[in-house]
Amino acid sequence: MALNTGPHSTTVASPWVDQPLTVPLTSSALTLALGGGKGAHLARLARAGLPVPDGFVITTAAYHRFVVANQIEAALQAALASGDPSDPAALEAVAAAIRDRFARGSIPQDLAEAIAEAYRALGSPAVAVRSSATAEDLPDLSFAGQHETLLNITGEEALLRAVVTCWSSLWTARAIGYRARNELEQGDLALAVIVQRLVPSEAAGVLFTANPLTGKRDEIVIDAILGLGEALVAGQVEPDHYVVDAATQRILRKQLGAKAVAIVPRAEGGTAVLPVSATTRQALPDDRIIALARLGRGIAALFGTPQDIEWAWAEGQLWILQSRPITSLFPLPVNLPPTPLQVLFSVGAVQGVREPFTPLGRDFFRHLAAAGAGYFGVRRTAATQRVVLEAGERLFVNLTGIVRHPLGRRLLRQILRVAEPATGELLETVWNDPALHPVWPRLSPRTYWRIARLLQRLIRGVVLNLLRPAHRRAQIQQHLNQAIAMYLQRQAQATTLGERVALFEETPTLIGKLILPWIVPTIASGMAALQLLSRLAASLPDGQRLVLLVTRGLPHNVTTEMDLALWQTARAIQADPAAATYFLQAAPDVLAVELHAGRLPGAAQTAIDAFLQRYGMRGVAEIDLGHPRWRDQPEPLMRVLQSYLQISDPQRAPDVVFARSAAEAATAIEQIVTGLRRTRAGWIKARLARWAARRVRELSGLRETPKFTFVRLLDAIRDGMLASGHALASAGVLDHPDDIFLLYAAELRELAQDPGRDWRALISTRRAAYQREMRRRQIPRLLLSDGRTFYEGVAPPANTNGNLLIGSPVSPGVVEGIAHVVFDPHRERLAPGEILVCHGTDPAWTPLFLTAGGLVMEVGGLMTHGSVVAREYGIPAVVGVDQATRRLRSGQRIRVDGSSGRITVLDD
């Protein structure tokens, strides 16, 4: 690049005009906006007295001066608009065009002089020149390695060249693509440049104050090489690897790397790569390893979060070159100590909810846990209970008490084997940890008495259900409807925010008194009957497949009834040719707008209104109080209805499919009974199997009733809170009615008493945290209090070349079809016969099942919602498939074997 310095730049009225062009590295003025992420962090380290090399920062104001003086902004925006972030070639072309504009630019004379003056004040030494963007080293995005670093720069002219190179590195293809993938705004970015005295290091490397692979917060991990650290960053050398216990400062493990090359400064400037022979030579002495670990621990304490630190060692002195958050770690619950070891289980793993929960939605479950503690004579509040915890804006259940209880451990294993086998497998890896050794808890006689009474009540309910299943089912449904009616009356009487918050806090206790004593025995009864039938059929050659067939087409399932009601809605639209034509041609978002305005063609408006009257409270992630419902966002329903209207084969009509599934179940029962009659004591086994099968058919369909009831209660709470939200938004207290869900119940009580306080800053912070967590791609199934995280499900077998995926078979049958990977049912429409591939499902997903040819899920087990519904509809299904949504692609032809758990990729 030819260096150009131009005339004094003209003044432009912008926020950065009055900002300094260079700032000492110790200045408190170095905020994220002025000094970029790296600069702000280094300034904080320097002010804290940590060993940071002397230097200064060329601020973002200087970047803006250069861009404006060279009229780069318009060209930059045009280039960005012309590129496709998903096309690597297009991205490279965009980056090349932008960087060329920077290379041909002229540094204004006053700016060049300001940089040179700061360099002279430093003593004009050899320096390291590092980029520091305003969108890097953030809590959730590090941008590590995305921008330029230039080492051993000597002289003013070389420094100015290096500065322009750093500025232009804001627009490398990798940086543009990284921001696009993480949905970051690209228009208002800027980049500062850090200039520091070069450390001619004998050894250098990186330090993580938590183990980045396992997540353990009590392990410090250090990688070290010889020479300058750039060889490690560039991946040119195999480093030494040291692991240090954070508490004792004891070296736990050392693994020496080859360290075959070293980057060293050249006398004339720049660097050289030299071969070295250091396989048996330790890059950093033991005492320096301990000292470095101690430094790292202090830096993590300074920032309050685990850090990724670059360091150097020269002439016996350790230097800190930069520090950023370790963004790959999943956060731990606040105030959760690493010891005693705690085991946390993801609620989303069972419920198929990957999104974060709103604060009020999380708060409801904390109140629910506090109410549950009362059953065991333990007084807890939402704030003091430690069963439901929050991490990464999501919910985790503390299983430690169950894992450490000898009986609870056995019971948990059985439940996970059915509900979430992949998590059960992961839990097996920590069973033998000494910190989780099972012990019999010391409970008071009063607690034992409470537990005994609770068990007696539950057992009594199970016995009554099994003796008179049809009568009890009707009785249970009547009781639940009466409880809901009573609750709705109370909800209607709560007209102020204070009254609604009070009802919110009372609802978990009402659930315990009115609903759980009826629902839990019902679920247990259906599962007990199914387990009995499974044991009886185990001796038959095809027994387990037949047992799964018995659960097809189950009656009395509220989710199935909902799906069939939606099918009837589609039929009503189809009966009106004009309505059907309009429906198929219009975009789902347009249909949603027309629905809300009451302008859909007559048959469609009437039919959909009737459906929403009954089921409008359902939606994706519906267990989160703050998440929109179908009545709020009906676009996914519009897509499903469009799919239904495309079903031309009468045999694929959902009601026909369901009836066929019920007939298959009846046939399977007869096959089991006939097979058992041929075995020893067959007549007894056959009668018992028929008895169990009848109860499976009568009671297992009620498995969806608890959630349906729960969602109806949440909907009532949501309606009340939204009414208050609208009133507060109209009064100017909130910006939007939905803001009310970004506050906890205790805060809403304060808001009710003091609406004049400015709540916007807190709400804005909460919304930013929610949006940040929406970008998180992996959610652990298990999380331990020492930071260890477990993500994987059932791993694929060896030597499959990626063509074979293995999971848990949950709905028998084999189907071949086109895979359709769906992350958000709000935005996807499934064509008839396509195989639905997703992370997990809740009832809001099940309308897709009526057009799906098969189902593949990353989470779940035999009794998971998606599994149950798949069996009822006769759809082959495999669940617990590790990273299925990444390993399979939409458009691939695959075979799903719901009997063996094997998924085969047939072609790409």
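User: Helix axes here are lines fitted to C-alpha atoms over the stretch in contact. In this predicted model, at what angle do the axes of helix H19 and helix H29 cross?
Analyst: Happy to walk through it! Helix H19 covers residues 558-574 and helix H29 covers residues 865-873. Their axes come within 10 Å, and the crossing angle is roughly 60 degrees.

User: Is the crossing of H19 and H29 left-handed or right-handed, and what classes of residue make the contact?
Analyst: The crossing is right-handed. H19 brings Thr 559, Thr 560 and Asp 563 to the contact, while H29 brings His 865, Val 869, Glu 872 and Tyr 873. By class, that gives 2 nonpolar, 3 polar and 2 charged residues.

User: Now the sheet: which strands stand at its edges?
Analyst: The open sheet has 5 strands, paired antiparallel in the order S2-S3-S7-S5-S6. A strand at an edge has a single partner, so one side is left without a neighbour in the sheet; this holds for S2 (22-24) and S6 (149-153).

User: By how much are neighbouring strands of this sheet turned against each other on average?
Analyst: This is an average over neighbouring strands of the sheet, with direction ignored. The value is 20 degrees.

Definitions and conventions. Residues are numbered from 1 along each chain as its sequence is written. This is a predicted model: local features need pLDDT of at least 70, side-chain atom pairs count only at pLDDT 80 or more; totals for chains, interfaces and linings use all residues. Side-chain values use heavy atoms; hydrogens and water are left out. Two strands pair if DSSP finds at least two bridges between them. Helices (H or I, at least four residues) and strands (E, at least two) are DSSP runs, numbered from the N terminus. Axes are lines fitted to C-alpha atoms, for helices over the stretch in contact, and angles run from 0 to 180 degrees between N-to-C directions. A crossing is left-handed if the near helix is turned anticlockwise from the far one by less than a right angle, and right-handed if clockwise. Contact means heavy atoms within 4.5 Å. Ala, Val, Leu, Ile, Met, Phe, Trp, Tyr, Cys and Pro count as nonpolar, Asp, Glu, Lys and Arg as charged, and the others, Gly among them, as polar.
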